[in-house]
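These are my notebook entries on one structure.

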Amino acid sequence: MSVDGALDALADRVRHASRVTVLTGAGVSAASGVPTFRGAAGLWRQFRAEDLATPGAFRRDPQLVWEWYAWRRETVAASQPNAGHDVIAWWSARMETCRVITQNVDDLHLRAGTSGLIRLHGSLWDLACWDECGEGPWHDEQAPFAQLPPRCPRCGGLARPGVVWFGEALHPDDVNAALDACACDVFLTVGTSSVVYPAAGLVHEAKRLGAFTAEINLDPSPASGIVDLAIQGPSEVVLPEVEKRLHQ
């Protein structure tokens, strides 16, 4: 199928769907200048992101981990939602039954105006007490921080990023919301490597439940071979093309 044919086919499916679910990954934010987790762009100094986003790394060197997160926060603060974020936000506002699930922690979907966002991995802009003193998670938009590492306002101990690290469980409410969203007519995975579980398993669950499954990604992924339709290209280009066809 040609690219134009694939775009037409996806637009037709979305147009006639009662329930649409979109799952996004780091590729959606790449055009906004937010480095993806993997590959050369995912390196910070000599470290891989996977080696810093763990409880063990924080326990060993909280200063180092916080320097990385502070750099990420400052990078995101200087970024703006791109055309891919905008289309997804329009769909979430225009289609009452459009659900958006993201693995991203940058909150660019929220800044674009996405409604009802399910954030599987938390937010860069939330903090929590490392010692679990009883202080609930709090929102903090400092970029840069006045103090690094930041401290818990209740006990004065170390604060940690309010994200889900490798080796930690996702919040059950977020998992349940994501699984509920798999019961849809069209399940679209956008800009994700499809290697991090349980998020990578959602497209399989949607397919099992009878959804038409589609992928938009710059490179082939493990999901490419199992979805009904795979479109290779940047989401900030492909999604506006799909949106344009919805109105033709």
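**Entry 1: Ser 29.** I first looked up Ser 29, which counts as buried because its relative accessibility is 2%; buried means under 20% relative accessible area, exposed over 50% and partly exposed in between, with a 1.4 Å probe and protein chains only. The model is predicted, so I note that local features need pLDDT of at least 70 and side-chain atom pairs count only at pLDDT 80 or more, while totals for chains, interfaces and linings use all residues. Residues are numbered from 1 along each chain as its sequence is written, and side-chain values use heavy atoms, with hydrogens and water left out. I placed Ser 29 in helix α2 (residues 27-30); helices (H or I, at least four residues) and strands (E, at least two) are DSSP runs numbered from the N terminus. Leaving aside residues up to four places away in sequence, I listed Val 34, Asn 82, His 85, Asn 104, Asp 106 and Leu 108 as touching Ser 29, where contact means heavy atoms within 4.5 Å.

**Entry 2: Gly 122.** I then turned to Gly 122, in strand β6. At 17% relative accessibility, Gly 122 counts as buried. I recorded contacts of Gly 122 with Asn 104, Val 105, Gly 162 and Val 163, again without residues up to four places away in sequence. Between the C-alpha atoms of Gly 122 and Val 20 I noted 22 Å, for 102 residues along the chain.

**Entry 3: the antiparallel sheet.** Which order do the strands take in the three-stranded open sheet? I read the order as β7-β6-β8, with antiparallel pairing; two strands pair if DSSP finds at least two bridges between them. Strand β6 (residues 122-129) runs antiparallel to β8, and four bridges join them. Within this pair, I found Ala 128 bridged to Arg 160 in β8. Helix α5 (residues 62-77) packs on the sheet and touches β6 and β8; the direction of α5 makes about 140 degrees with that of β6. Axes are lines fitted to C-alpha atoms, for helices over the stretch in contact, and angles run from 0 to 180 degrees between N-to-C directions.

**Entry 4: the parallel sheet.** I traced six strands in an open sheet of parallel pairing, in the order β5-β4-β1-β9-β10-β11. β5 (118-119) and β11 are the edge strands, each pairing on one side only. Strands β1 and β4 pair in the parallel sense over five bridges, and Thr 24 has Thr 102 as its bridge partner in β4. Between β4 and β5 I recorded two bridges, also parallel; here Thr 102 is partnered by Arg 119 in β5. Four of the five residues of β4 are buried. Helix α6 (residues 83-94) lies across β1 (20-24), β4 (98-102) and β9, at about 140 degrees to β4.

**Entry 5: strand β10.** How many residues of β10 (residues 212-217) are buried? I recorded six of six. Phe 212, Ala 214 and Ile 216 point one way, whereas Thr 213, Glu 215 and Asn 217 point the other way. In a regular strand the side chains alternate between the two faces of the sheet. Strand β9 (residues 186-190) runs parallel to β10, joined by five bridges, and Val 186 is the bridge partner of Phe 212. With strand β11 (residues 229-232), β10 pairs over four bridges in the parallel sense. I noted Ala 214 opposite Leu 229 and Asn 217 partnered by Gln 232.

**Entry 6: helices α1 and α10.** I looked up the axes of helix α1 (residues 3-15) and helix α10 (residues 235-246), which come within 9 Å and cross at roughly 60 degrees. That makes α1 oblique to α10; angles under 35 degrees count as roughly parallel, over 145 as roughly antiparallel, 65 to 115 as roughly perpendicular and the rest as oblique. Residues of α1 in this meeting include Leu 7, Leu 10 and Val 14, and those of α10 include Val 238, Val 242 and Leu 246.
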